[in-house]
Amino acid sequence: MRTAVSRQNVEVPGGKLWVEVRGQGSPLVLLHDGLLPSETWDEQVAVFARSFRVVRYDRRGYGRSAPSQGPYSDVEDLAAVLAAQKIDSAVLMGCSNGSKLAVDFALAHPDQVEGLVLVGPVVSGMPYSEHMLRGGLVNYRPMFREKS
């Protein structure tokens with residue numbers, strides 16, 4: 001069964017964010033990591049949309065959202081996305097840096113968060129683990145070779 005897909009640009013102070021919504025039911029917001037845009041959720045969106053109203057968006061400077069033209073807050077951008085979709089509260093699912101945003105949003109707006117699903121979370125105020133640093137070096141090595 002195919003679910004309806006809605007795509008729009010949401011106005012935020014100093015910019016616009018690309019947003020996609022699929023499915024019906026309780027809201028589930030997918031927050032991408034710090035390296036790649038929301039398309040990293042492509043394989044999961046259709047599955048989750050069978051049971052949830054799935055919202056994903058590109059943060060500023062990622063994918064189909066333009067870079068910031070001045071100071072901004074990812075937390076307040078997420079609040080604007082929820083408001084534009086008329087969502088009072090949602091489950092936030094974040095991967096890596098998207099988990100950091102989920103936690104920061106939950107701390108700033110606890111009444112708007114039904115739950116958190118954190119995948120490989122980065123946490124504000126905590127250093128990167130040795131495992132994360134080693135993995136980052138291995139994953140970035142090909143990119144550095146290509147630039148040489």
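**Strands, helices and cores**

Start with Ser6, which sits opposite Val21 of strand E2. Keep in mind that this is a predicted model. The strands in question are E1, residues 5–12, and E2, residues 15–22; they run antiparallel and are joined by eight bridges. Two residues lie between the strands of this hairpin, and Gly14 has a positive phi there, near 80°.

Now the wider layout. The chain contains four helices and six strands, and along the sequence the pattern reads β-β-β-α-β-α-β-α-β-α.

In what order do the six strands of the open sheet lie? The order is E1-E2-E4-E3-E5-E6, and the pairing is mixed. E1 and E6, the latter covering 113–119, are the edge strands, each pairing on one side only. On average, neighbouring strands in this sheet are turned by 20° against each other, with direction ignored.

At the E6 end, E5 and E6 run parallel and are joined by six bridges. There, Ala90 has Val113 in E6 as its bridge partner.

Next, the helices against the sheet. H2 packs on the sheet and touches E1, E2, E3, E4 and E5, with its direction at about 130° to that of E1. H3 lies across E3, E4, E5 and E6, and runs at about 155° to E6.

On to the nonpolar cores. The largest one has 23 residues, and Val29, Leu31, Tyr57, Leu78, Leu92 and Phe105 have the most contacts inside it. At least two residues of this core come from each of E1, E2, E3 (27–31), E4 (53–57), H2 (74–84), E5 (90–95) and H3 (97–108). Which element gives the most to this core? H2 does, with six residues.

Trp41 itself is listed in a second, separate core, which has seven residues, among them Leu30, Ala49 and Val54.

Last, the totals. The chain has 148 residues, of which 39% count as buried. Its accessible surface is about 8,900 Å², and carbon and sulfur atoms hold 55% of that. Among contacts with a separation of 6 or more, 65% are between residues 24 or more positions apart.

Terms used
Residues are numbered from 1 along each chain as its sequence is written. This is a predicted model: local features need pLDDT of at least 70, side-chain atom pairs count only at pLDDT 80 or more; totals for chains, interfaces and linings use all residues. Side-chain values use heavy atoms; hydrogens and water are left out. Two strands pair if DSSP finds at least two bridges between them. A nonpolar core is a set of buried Ala, Val, Leu, Ile, Met, Phe, Trp, Tyr and Cys residues joined through side-chain atoms within 4.5 Å. Buried means under 20% relative accessible area, exposed over 50%, partly exposed in between (1.4 Å probe, protein chains only). Axes are lines fitted to C-alpha atoms, for helices over the stretch in contact, and angles run from 0 to 180 degrees between N-to-C directions. Contact means heavy atoms within 4.5 Å. Accessible areas come from the Shrake-Rupley method with a 1.4 Å probe; for residues, only the protein chains shown count as cover.
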